Amino acid sequence: MARYALKLDLQLFAQEKTEPATPKKRQEARKKGQVAKSMELPGAFVLFAAFLCLFLFGGFMKDKLLALFTATFEYYMLWDLSIENIVSMFSRLALEGLIMLAPLLIVVLVIAFLGNYLQIGFLLTGDPLKMKLSKLNPIEGAKRIFSMRALVDFLKSSVKLIIVSFAVGSTLYHEKERILALAHLPLEHIFVYTAKITVSLGIQIGLILVVLAIFDYMYQRFDYEKNLRMSKQEVKDEYKKTEGDPLIKGKIREKQRRMAMQRMMQEVPKADVVITNPTHYAVALKYDAKQMEAPQVVAKGADYLALKIKEVARQHGVVIMENKPLARALYAETEIGETIPAQLFQAVAEVLAYVYKLKGKIS
């Protein structure tokens, strides 16, 4: 019973999402449109930038607006009523209005783009727009309504409303005497004061929303990372899918080693000499003056493989010579299929000369 309980605990531990998401899972989530993004951040920056733009370019926009009304009432009203004049008038009015609003529109567009791009980069996907029957599931819908995210969104909206209301109420309270005195001021002064306090409130509210949006973005990143976590079993399964099962890969490597050893053993009978340690190392050399610039290593091995090389060499009458320093050097400094290094030319040449002389005596 205790063993079963321990096994169950281990299974539950393996299913706990404690591991950070792998790059592959992050990429798949991004393709589905699942990214760490705060919807509040772009809107807050746009609002703040818009009112800041009004504060900086308010004089320019006021002059353009006065010029627009002046031209309309003093110039355009005197035109004859015709299609050509109406088209020309509205074209000019539209152009002047566009010039007047150009700073505000440019700033808003740039801030809106940067507010999204700096969070998630460039992302274009249609996956969230796909029709999914799971979205119509009332149980899943109820879970989303009463989820932790819904509670956080509610608290976030409540905090935002309270802070903004306090900022607006505080500002209007300090301006109450001036507001009450507006009834005795000319219309122009009322308009200037109203525009001034509206822009001031807009900048304050925008700045408050920016600060709250930054905290919201931090929470969204935390929630995104938490939801993207993987269990140890999921990490193992993904590794198997991408890299292959370690057991199968081990069998493949073992088979490749056996095939490589078989090919190497097939080259031993073609060698001119096998230089040995005598028991630990064995290196088979071949030299053809017409085709090779230097002797070539056709096989090498240590311990058991060295014994096999010597056994095949004896079976096919290949000369076996014991030279401990040369065998060690050849084994350490060369690979199969490579020519011997220049510093070993002299030693190998002496061995080959002896082998050719020995073969000449035998023949």
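Six aromatic pairs are counted in this predicted model, where rings of Phe, Tyr and Trp (its six-membered ring) pair if their centres lie within 6.5 Å. A pair of aromatic rings is described by the distance of the centres and the angle of the planes. Planes under 30 degrees apart count as stacked, those over 60 as edge-to-face and the rest as tilted.

| Pair | Centre to centre | Angle between planes | Class |
|---|---|---|---|
| Tyr75 and Tyr76 | 5.4 Å | 55 degrees | tilted |
| Phe113 and Tyr117 | 5.6 Å | 15 degrees | stacked |

Tyr75 is partly exposed at 42% relative accessible area, while Tyr76 is buried at 10%; buried means under 20%, exposed over 50% and partly exposed in between, with a 1.4 Å probe and protein chains only. Ring pairs also bring in Trp79, making a cluster of Tyr75, Tyr76 and Trp79.

Phe113 and Tyr117 lie four residues apart in helix α4 (residues 83-120), so about one helical turn separates them. Helices are DSSP runs of H or I with at least four residues, numbered from the N terminus. Phe113 is exposed, at 53%, and Tyr117 is partly exposed, at 40%.

Residues are numbered from 1 along each chain as its sequence is written, and side-chain values use heavy atoms, leaving out hydrogens and water. As the model is predicted, local features need pLDDT of at least 70 and side-chain atom pairs count only at pLDDT 80 or more, whereas totals for chains, interfaces and linings use all residues.

Definitions and conventions. Helix = DSSP H or I, 4+ residues; strand = E, 2+ residues; numbered from the N terminus.
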